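Dear colleague,

My notes on it follow directly after.

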Amino acid sequence: MNNLKFKVYNNRKESFLTYKFNKTNNGWHMSHIAINGDCEPNGKPILYLNLNQDCIFYPNQIDILLEELWFDINEERINKITAQKRLQDIADWITLCEQNRPKVQSM
């Protein structure tokens with residue numbers, strides 16, 4: 001399954017960023033502005049390199065959901081519309097964490 005979009009909010013840039021996912025035989029091929037490449041079904045390491053580089057806060061267990069999604073696609077249990085919705089649900093959870101993280105006050 002190709003051209004799945006993963007849209008997350010970035011507080012630092014005050015805008016949404018879109019990462020692209022393409023399912024491969026062994027995981028995902030992810031692309032964004034600077035960090036691109038193949039990763040495992042759980043998104044490691046490319047997704048996390050991108051999120052960390054963009055200073056985006058994310059929940060601890062997105063790797064489990066991403067891996068479950070990959071296996072459902074791989075076993076042809078879901079279609080592209082469902083896959084896109086589930087991938088965006090994960091991105092929306094990240095957006096909620098990013099938008100609701102505590103603000104640091106400078107003195």
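Helix 3 (residues 80–99) lies across strand 1 and strand 2 and runs at about 10° to strand 1. The model is a predicted one, in which local features need pLDDT of at least 70 and side-chain atom pairs count only at pLDDT 80 or more, while totals for chains, interfaces and linings use all residues. Residues are numbered from 1 along each chain as its sequence is written, and side-chain values use heavy atoms, with hydrogens and water left out.

Helices (H or I, at least four residues) and strands (E, at least two) are DSSP runs, numbered from the N terminus. Contact means heavy atoms within 4.5 Å. Axes are lines fitted to C-alpha atoms, for helices over the stretch in contact, and angles run from 0 to 180 degrees between N-to-C directions.

Helix 3 also contains Trp93. Together with Leu65 and Leu96, Trp93 makes a nonpolar surface patch of about 260 Å². Patches consist of residues with over 30% relative accessible area and no salt bridge, with nonpolar side chains (Val, Leu, Ile, Met, Phe, Trp, Tyr) joined within 5 Å and like charges within 9 Å. A salt bridge is a side-chain nitrogen of Lys or Arg within 4 Å of a carboxyl oxygen of Asp or Glu. The areas come from the Shrake-Rupley method with a 1.4 Å probe; for residues, only the protein chains shown count as cover. Trp93 has a relative accessible area of 34% and is therefore partly exposed (between buried, under 20%, and exposed, over 50%).

Turning to the sheet, four strands form an open, antiparallel arrangement in the order 1-2-3-4, where two strands pair if DSSP finds at least two bridges between them. Its edge strands, each pairing on one side only, are strand 1 (4–10) and strand 4 (37–39). On average, neighbouring strands are turned by 35° against each other, direction ignored. Helix 1 (residues 46–53) packs on this sheet and touches strand 1, strand 2 (15–23), strand 3 and strand 4, its direction making about 170° with that of strand 2.

Strand 3 (residues 28–31) is joined to strand 4 by three bridges and to strand 2 by four. His29 stands opposite Asp38 in strand 4 and is also the bridge partner of Asn22. The covered face of strand 3 holds Trp28 and Met30, the uncovered one His29 and Ser31.

With kind regards

Technical notes. Buried < 20%, exposed > 50% of the residue type's maximum accessible area, 1.4 Å probe, protein only.
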